[in-house]
Amino acid sequence: MAMMDQGAPMLGVLGGMGPLASAQFMARLTLLTPAERDQDHIPTVLWSDPRVPDRTAAQRGTGEDPLPWLLRGVSGLEAAGCGAIAIPCNTAHGWFDGMVAATRLPILHIVDAAAEELARLGLRGGRIGLLGTEGTLAMRLYQKRLDISGYETITPDDAEMTRVVSPAIAEVKANRVREAYEPLMEAAKRLVARGAHAVVLGCTEIPLGIAAGPAAPFPIADTIDALARASIRWHQARQGA
């Protein structure tokens with residue numbers, strides 16, 4: 001009987017926030033991996049727990065702290081033998097430092113992955129638009145990290161968030177993906193009209209809505225794809241180590 005290959009490190013995926021975004025991440029991770037056969041793909045453990053309290057409500061101070069739930073998932077992935085963790089939820093990265101402090105595993109940061117995606121698109125600075133949850137924007141997760149890399153980040157105003165972006169994200173979470181397309185594309189076009197050279201989809205529900213209609217006529221940085229590519233790079237680096 002052949003020995004089982006222990007050389008390929010497993011990727012841990014801390015998901016369920018929301019479940020559809022996690023499923024899309026798994027699909028894109030598979031489709032973007034250069035593979036000819038099953039064995040060429042990345043061994044992965046998905047921890048999809050939709051019971052994690054709402055991250056935006058927690059940021060506002062009106063909801064339960066999600067960190068204990070996030071740490072439960074991190075611990076489970078560590079116990080499963082994973083070599084790194086990817087989190088296909090932007091707002092959850094508001095608790096990134098707390099998760100990093102609780103594990104020996106590297107956690108791939110979705111904003112860093114988005115910066116690499118912008119560079120891949122040929123944008124290494126300048127004004128970019130950002131769509132995300134109210135929590136992500138309020139915590140300035142993107143602005144703080146991208147400003148260092150030479151980007152100027154612009155976001156929808158409060159009225160646009162209330163009228164357009166937040167309701168569209170809720171539509172995707174309710175599995176009404178097609179209904180989210182028009183409002184999300186409207187919000188993205190408004191950012192481009194204000195001078196954005198590209199739009200970062202800084203919520204992992206938003207790419208699902210944007211993909212439900214005609215392609216945007218401007219560069220889009222999809223953070224699901226960005227995190228998938230960062231995960232593939234991590235895996236390839238480990239394979240070559």
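The following dialogue examines how several terms are applied to this predicted model.

Student: Why are Cys82 and Cys89 called buried?

Tutor: The term buried applies under 20% relative accessible area. Cys82 has 3%, so it is buried. Cys89 has 4%, so it is buried too.

Student: What makes the contact of Arg28 and Asp225 a salt bridge?

Tutor: The rule asks for a side-chain nitrogen of Lys or Arg within 4 Å of a carboxyl oxygen of Asp or Glu. The N to O distance between Arg28 and Asp225 is 2.7 Å, and the pair therefore meets the rule. By this rule the model has a count of 16 salt bridges.

Student: Which accessibility class does each of the two residues receive, and why?

Tutor: Buried means under 20%, exposed means over 50%, and partly exposed covers the range in between. Arg28, with a relative accessible area of 22%, is therefore partly exposed. Asp225, at 10%, therefore counts as buried.

Student: How do you know that Glu117 and Arg120 form a salt bridge, and where do they lie?

Tutor: Their closest N and O atoms are 2.9 Å apart, and the limit is 4 Å, so the pair qualifies. Both residues lie in helix H5 (residues 110-120), three residues apart, about one turn of the helix. In an α-helix there are 3.6 residues a turn, so residues three or four places apart point the same way.

Student: Is Glu117 called buried or exposed, and why?

Tutor: Glu117 has a relative accessibility of 6%, so it counts as buried.

Student: What makes H5 a mostly covered helix?

Tutor: Eight of the 11 residues of H5 are buried. Among them are Ile110, Val111, Leu118 and Glu117. H5 is followed by Gly122, whose phi is positive, near 90°.

Student: What makes Arg176 and Glu171 a salt bridge?

Tutor: The N to O distance between their side chains is 2.5 Å. This is set against the limit of 4 Å, so the pair is counted. Arg176 is partly exposed at 41%, and Glu171 is partly exposed at 22%. Elsewhere, Glu160, Arg163, Glu186 and Arg190 are linked in a network of salt bridges.

Student: Why is Asp158 called exposed?

Tutor: The relative accessible area of Asp158 is 66%, and the term applies over 50%, so Asp158 is exposed. Asp158 belongs to helix H8. Its C-alpha atom is separated by 8.9 Å from that of Glu134, a residue 24 positions apart along the chain.

Student: Why are E2 and E4 called edge strands?

Tutor: The open sheet has four strands in the order E2-E1-E3-E4, with parallel pairing. Strand E2 (44-48) and strand E4 (107-108) each have a single partner strand, so one side of each is left without a neighbour in the sheet.

Student: How do you know that E1 and E2 pair?

Tutor: Pairing requires at least two bridges. Strand E1 (residues 10-15) and E2 share five bridges in the parallel sense, so they pair. One of the contacts joins Gly12 to its bridge partner in E2, Val45.

Student: Which helix gives the most to the lining of the largest pocket?

Tutor: The largest pocket has a volume of about 290 Å³. Of its 19 lining residues, the closest to the centre are Asp54, Thr56, Thr133, Ile169 and Lys173. H8 gives the most to the lining, with four residues. By class, the lining has five nonpolar, eight polar and six charged residues.

How values were computed. Residues are numbered from 1 along each chain as its sequence is written. This is a predicted model: local features need pLDDT of at least 70, side-chain atom pairs count only at pLDDT 80 or more; totals for chains, interfaces and linings use all residues. Side-chain values use heavy atoms; hydrogens and water are left out. On a 1 Å grid over the protein atoms alone, a cavity is a set of points where a 1.4 Å probe fits but cannot get out, and a pocket is an open set with protein on both sides within 12 Å along at least five of seven lines; lining residues have an atom within 4 Å of a point. Grid points are joined across faces, edges and corners, and a volume is the space filled by probe spheres set on the points. Helices (H or I, at least four residues) and strands (E, at least two) are DSSP runs, numbered from the N terminus. Ala, Val, Leu, Ile, Met, Phe, Trp, Tyr, Cys and Pro count as nonpolar, Asp, Glu, Lys and Arg as charged, and the others, Gly among them, as polar. Buried means under 20% relative accessible area, exposed over 50%, partly exposed in between (1.4 Å probe, protein chains only).
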